[in-house]
Structures are given as structure tokens and as C-alpha cells.
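Hi,

Here is the structure I promised to pass on to you. Have a look at it first, and then read my notes below.

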Amino acid sequence: QVHLVESGGGLVQAGGSLRLSCAASGRTFSRYAMGWFRQAPGKERELVAAIRWSADIYYADSVKGRFTISRDNAKNTMYLQMNSLKFEDTAVYYCAADPYAKSWPYEYDYWGQGTQVTVSS
């Protein structure tokens, strides 16, 4: 069982920045495939960014060049640095983990509770 807790969401003006964090339980965090998803009202959940081990990284086209995913294995924490935020980035952001990286970057076994990001235009 992997427990995930997101933090760092909030209200920001368009053009601003936020950094999301995802703290994970488990002794083998460095091996987890991790991802950030988001879901806006009335829309399906979408994959935003993902990281497998430390070298494999995926970004959705909509966030390339603006968002950066990273991880600190010593702290069992994953981050999503979001710059140049747009109104359409408004959503609940979820982190997800797969200890075995079975179907990276799209499928995960464990999910956090989500953190709200609201970008005002």
C-alpha cells in the first residue's frame, strides 16, 4: 500500500507560478513510477506529467515548456513546478504512483486526494 499526499495548490493569477508536492510512503520510492494528473470541472482526468525512475519524463503537449516534474528520492517526494500558468490550467491536481511501472506513463495503482489549483484570468 502506498499513501500519497499532495500539497501546494492555491489561487494564482495568470502568468504566475505554483509548486505542487506529493509526499509518498514506502521504502522503495526511488523505484516508483509517478505521475501528475488533473481534472477540471466537466472534463475527463488527463495526464499532465510523469516520471519513471529519474531519467524517463513525459509531459502533455499542453504543459511542455511551462511545467517541470522532478523527484527527491531522499524525501520520498515528487514535485510539479508550474510556471506561466493559464486559466485553462485550473483543475484539481492528483499525484499517482505505480511501484512496478507496469504501464508507464498512463496507468497507476495509487492516488492522492488531490489539490485544487485555480488560475484567475
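Let's start with Asp 89 and Arg 38, whose side chains meet in a salt bridge with 2.9 Å from N to O. Keep in mind as you look that this is a predicted model. The two partners come from distant parts of the chain, 51 residues apart. Asp 89 sits in the loop between β8 (77-82) and β9 (91-98), while Arg 38 belongs to strand β4 (residues 33-39). Both Asp 89 and Arg 38 are buried.

Asp 89 also forms a salt bridge with Arg 66, and here the closest N and O atoms are 2.7 Å apart. This pair again links distant parts of the chain: Arg 66 lies in the loop between β6 (56-59) and β7 (67-72), 23 residues away from Asp 89. Is Arg 66 buried or exposed? Arg 66 has a relative accessible area of 10%, so it counts as buried, because the cut-off for buried is under 20%.

Now try another pair. Asp 98 and Lys 102 form a salt bridge, with 2.9 Å between the closest N and O atoms. Asp 98 is buried at 1% relative accessibility, whereas Lys 102 is exposed, with a relative accessible area of 52%. Lys 102 gets that label because exposed means over 50%.

How many salt bridges does the structure hold? There are seven, and the ones described above are among them.

Finally, look for the sulfur atoms. The structure holds one disulfide, which joins Cys 22 to Cys 95 with an S to S distance of 2.1 Å. Where in the chain are Cys 22 and Cys 95? Cys 22 is in strand β3 (residues 18-24) and Cys 95 is in strand β9, so the link connects distant parts of the chain, 73 residues apart. The angle about the S-S bond is 60 degrees, and the link of Cys 22 and Cys 95 is right-handed. Cys 22 counts as buried because its relative accessibility is 0%, and Cys 95 is buried as well, with a relative accessible area of 0%.

Enjoy exploring!

Best wishes

Notes: Residues numbered from 1 in each chain as written. Predicted model: local features only at pLDDT ≥ 70, side-chain atom pairs only at ≥ 80, totals over all residues. Heavy atoms only, no water. Salt bridge = Lys/Arg side-chain N within 4 Å of Asp/Glu carboxyl O. Helix = DSSP H or I, 4+ residues; strand = E, 2+ residues; numbered from the N terminus. Buried < 20%, exposed > 50% of the residue type's maximum accessible area, 1.4 Å probe, protein only. Disulfide = S-S within 2.5 Å.
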